[in-house]
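Please look over the model shown here with attention to its surface, its charged pairs and its backbone. The notes that follow are grouped by topic.

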Amino acid sequence: FRVGFRGWRGVIPDTEFVWFSDPDPANPYGRGSGTAMSLADELETDEYTAKHLKAFFYNRARPDLIISPKDGNATEGNMKRLEADWLARTQGFWRSFKPYFMTRAVEVKELEQNFRQLSLVPLREFERDAILQVFGMPPEILGVLTNSNRATIAASDYLMNTYVVVP
């Protein structure tokens, strides 16, 4: 095996390595397939859920409000003036949560994303539990204490060492 670590490079004979490999039936002479390959969908689902939440808090990629005239016959110039006035009066930290009063009738629609309907937190918990079960890890090792008591917490070290670390 050719090995490189930091600035050092060298050749180490294969008799000095312990190689844990799960052969891939589709490619028996390849590097093999790991246990996590069976979890590819769950890991990607959890990753995309986390990225969706991050994007929501970072940018959201959509406006919070849609403002349109009630009569429906506003000109482009009037809408640009309304937008400039709206942004001048409402943008910035010190202007947040202040009301905006108008002289003409407009319709304001607030766009919101309901995370309760998306059930993202239960989805992430389900994915976490599936990953723990595939590797055989007791949830108490990672601090998941929802169904735990003192006995299960004490036994989790034994179970982790016996069924996860030693094999």
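Predicted model: local features only at pLDDT ≥ 70, side-chain atom pairs only at ≥ 80, totals over all residues.

Four salt bridges are counted in it, and three of them, namely Glu 47 with Lys 51, Arg 89 with Asp 85 and Asp 129 with Arg 128, are described here.

**Salt bridges**

- Side chains of opposite charge can pair when their charged atoms come close.
- In helix H1, which spans residues 40-58, Glu 47 and Lys 51 are separated by about one helical turn because they are four residues apart, and their side chains meet in a salt bridge with an N to O distance of 3.4 Å.
- Glu 47 has a relative accessible area of 39% and is therefore partly exposed, since that class lies between the limits of 20% and 50%.
- Helix H2, residues 76-90, holds Arg 89 and Asp 85, which are four residues apart and so are separated by about one helical turn; the salt bridge between their side chains is 3.4 Å from N to O.
- Arg 89 counts as partly exposed at 46% relative accessibility, and Asp 85 is likewise partly exposed, with a relative accessible area of 29%.
- The side chains of Asp 129 and Arg 128 also meet in a salt bridge, with 3.2 Å from N to O; Asp 129 is partly exposed at a relative accessible area of 29%, and Arg 128 counts as partly exposed at 31% relative accessibility.

**Nonpolar surface patch**

- Phe 1, Phe 17 and Trp 19 form a nonpolar patch on the surface, and together they have about 350 Å² of accessible area.
- Of these residues, Phe 1 lies in the segment before S1 and, at 44% relative accessibility, counts as partly exposed.

**Backbone at Arg 6**

- Most residues other than glycine have a negative phi.
- Arg 6, although not a glycine, has a positive phi of about 55°.
- Arg 6 is placed in the loop between strand S1 (2-5) and strand S2 (8-11), and its relative accessibility of 78% is why Arg 6 counts as exposed, the limit for that class being over 50%.

**A buried serine**

- Ser 156 is found in helix H5, which covers residues 150-165, and it counts as buried because its relative accessibility is 2%, where buried means under 20%.
- Leaving aside neighbours within four places in sequence, Ser 156 is in contact with Pro 138, Glu 140 and Ile 141.

Notes
Residues numbered from 1 in each chain as written. Heavy atoms only, no water. Helix = DSSP H or I, 4+ residues; strand = E, 2+ residues; numbered from the N terminus. Buried < 20%, exposed > 50% of the residue type's maximum accessible area, 1.4 Å probe, protein only. Patch = residues over 30% accessible without salt bridge, like charges linked within 9 Å, V, L, I, M, F, W, Y side chains within 5 Å. Areas by Shrake-Rupley, 256 points an atom, 1.4 Å probe, with all protein chains shown as cover. Contact = heavy atoms within 4.5 Å.
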